[in-house]
Amino acid sequence: DDLNVKFFGQVDDEGNPYRGKIQYSNGVLAEVNLNENEVVYSNGDVYHGKLVNLLKEGEGELCCANGDVYTGEFRADLMDGDGEYVYATGDRYSGEFSQGKKSGEGLYVFADGSSYEGAFRDDRKNGAGVYHFASGDVYEGDIQGLYEDGYGKDYQIYNLPKTFDEAQFTYLTGCLLKFYQQLRIYEERKATFAGFNLEKPLWVF
């Protein structure tokens, strides 16, 4: 639904509001100062940036009362477009937003050093992506929510040199051995796996 605004305060010679109080149709209250491009909300949030018809529109920064900070694009008073959201917990998301939620392509870095890069929808990881765990484990494939429950590749890397050129032979040999192991298990336990409708392992590189 469209957000409507009521303004109570001072206006300029042309009748345009520039300082006063705002009441939104969703019940939120705020104080606005258009000379400073600032809105202070009743819940403690503070916005600095462009306003159109007293709604957040274009580039801006929203500092939340809980310590979270969003910097990026807004449309119709919501986070929409490209932006970065830094959580008070130390987590960080940079990427696309739609109607106030993480939607599209983005990178989410957790405070523990793990990260997810890929598709988001309605604030959740959804679609193809790559999940790097703090332990060094990597998951690549379809991801629904927080769970790696789609088709994908799962492997571990420990104590390899920093550059791929130095580790290429060791890395590819490890992948080949693990692929062989998967093929052997699949062939030896076909009857067990039949009920799960599993396909023969495929090595893609």
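A charge is said to sit over a ring if NZ of Lys or CZ of Arg is within 6 Å of the ring centre and within 35 degrees of the ring normal. Keep that in mind as you move through this structure, which is a predicted model.

Begin by selecting Lys102 together with Tyr93, where Lys102 lies over the face of the Tyr93 ring, at 5.8 Å from the ring centre.

If you select Val39, you can look for its contacts beyond four places away in sequence, among them Tyr24, Ala30, Val46, Tyr47 and Leu51.

Next come the aromatic pairs, of which there are 14. Select Tyr93 again, this time with Phe97: the two rings form an edge-to-face pair, 5.1 Å centre to centre with 85° between the planes, and both residues are buried. Then select Phe110 and Tyr131, whose ring planes are at 20° and whose centres are 6.0 Å apart, so this pair is stacked. Phe110 belongs to the loop between strand E10 and strand E11, whereas Tyr131 is in strand E12, 21 residues apart, and both are buried.

Finish at Cys63 and Cys64. How many disulfides are there? The count is zero, because the sulfur of Cys63 is 7.7 Å from the closest cysteine sulfur, in Cys64, which is too far for a bond. Cys63 is partly exposed, at 26% relative accessibility, while Cys64 is buried, at 17%.

How values were computed. Residues numbered from 1 in each chain as written. Predicted model: local features only at pLDDT ≥ 70, side-chain atom pairs only at ≥ 80, totals over all residues. Heavy atoms only, no water. Disulfide = S-S within 2.5 Å. Buried < 20%, exposed > 50% of the residue type's maximum accessible area, 1.4 Å probe, protein only. Contact = heavy atoms within 4.5 Å. Phe/Tyr/Trp six-rings, centres within 6.5 Å; stacked < 30°, edge-to-face > 60°. Helix = DSSP H or I, 4+ residues; strand = E, 2+ residues; numbered from the N terminus.
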